[in-house]
Amino acid sequence: MTLKTRGALNAVVPVLILLLATVSSQAQDWAKARLEASPRHREYVTLKHGSRSLQAFVVYPEVKTKASVVILIHEIFGLSDWAKEMADELAAQGFIVVAPDLLSGYGPNGGGSSEFAGQDATVKAVSGLDPDGVTADLDAAADYGKHLAAGNGKIATVGFCWGGGKSFAFATHRKDLSAAFVFYGPGPADVSSITAPVYGFYAGNDARIGATLPATTDAMKAAGKKFEPVTYDGAGHGFMRAGEDPTDKVPGNKTAREQGMSRLVKELNEMKSAASAGSSSRRPAGAVKPGTLANSCHDASSTAPRTATM
């Protein structure tokens with residue numbers, strides 16, 4: 001390599017590093033832009049239980065009547081721009097959405113998700129959260145949502161990735177849920193105390209989570225619980241986020257997101273009180289065979305869910 005060539009490379013490398021850093025920092029700019037363009041009312045509220053305070057992002061739909069409340073449980077990446085944009089999208093469908101920042105108080109300087117330096121630090125922090133503390137935080141969010149003046153008293157959880165597993169686990173604890181929605185998250189070891197119907201959304205190209213599906217399906221069936229898992233062929237883990245990311249190149253993610261969103265909204269509109277949840281299980285539209293979906297979604301717990309082609 002000549003000195004001239006080496007000099008040229010030395011000049012280019014810093015530029016490449018800067019470009020990569022810019023791409024990384026703007027990875028969810030599309031979600032932030034969509035959120036900022038929303039006409040819906042959104043606010044941050046402080047939820048308290050015991051000596052703990054946590055922040056929650058709340059979005060209201062533009063409707064005339066009282067609405068059901070969705071407790072949105074974020075991914076392993078914390079309360080990201082995408083999580084907030086997802087909350088807004090559900091509000092656009094007519095639901096009040098309460099999205100607690102489960103990293104509240106655990107970030108630098110006592111902050112939450114937005115205060116962490118990068119994704120690795122956020123993932124490590126979420127992975128280290130105390131399960132009992134998470135349950136208490138979700139209880140605070142559910143209590144807040146259930147008693148909102150604009151709410152109709154019905155509450156459901158919707159969780160993604162790590163949050164999907166927490167949505168399933170919370171259903172073993174909270175008896176007044178109208179439904180629990182689990183996006184590519186594992187089931188709890190003991191499902192006997194679940195009273196709400198549970199709806200699963202899984203990716204065909206996600207062996208890590210897929211391997212847990214048969215065990216959860218069997219456990220829920222044996223316990224007489226309503227569980228309707230659907231696997232979307234051609235999609236990968238995290239398809240609800242990836243499916244709307246303009247840089248994502250996997251067609252299956254977009255299709256799975258569209259189908260998954262339609263199914264989620266339909267079931268939210270039709271959800272009944274947890275007390276009426278029975279043991280019967282109807283075959284979901286598009287489900288064609290038992291699924292196989294896998295170990296935890298960044299969570300130590302595992303068990304499992306049925307399959308749909310796209």
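This note comments on one histidine and on several salt bridges in the structure above.

1. The model is predicted: local features require pLDDT of at least 70 and side-chain atom pairs pLDDT 80 or more, while totals for chains, interfaces and linings use all residues. Residues are numbered from 1 along each chain as its sequence is written, and side-chain values use heavy atoms, with hydrogens and water left out.

2. His74 sits in the loop between β3 (67-73) and α3 (81-92); helices (H or I, at least four residues) and strands (E, at least two) are DSSP runs, numbered from the N terminus. His74 is buried, at 1% relative accessibility. Buried means under 20% relative accessible area, exposed over 50%, and partly exposed in between (1.4 Å probe, protein chains only).

3. A polar atom of the His74 side chain lies 3.3 Å from the backbone nitrogen of Leu102.

4. Side chains of opposite charge can pair when their charged atoms come close. A salt bridge is a side-chain nitrogen of Lys or Arg within 4 Å of a carboxyl oxygen of Asp or Glu; the count by this rule is 14.

5. Asp143 and Arg174 form a salt bridge at 2.7 Å, N to O. Asp143 belongs to helix α5 (residues 131-146) and Arg174 to the loop between α6 (162-171) and β6 (177-183), so the pair ties together parts 31 residues apart in sequence. Asp143 is partly exposed at 36% relative accessibility, whereas Arg174 is buried at 9%. Both residues belong to a network of salt bridges that also links Asp139, Lys146 and Asp176.

6. Glu244 and Arg257 form a salt bridge at 3.0 Å, N to O. Glu244 is buried at 10% relative accessibility, and Arg257 is buried at 8%.

Notes
A polar contact is a pair of N or O atoms within 3.5 Å; within protein, one must be able to donate a hydrogen and the other to accept it, and residues adjacent in sequence count only if both atoms are side-chain atoms.
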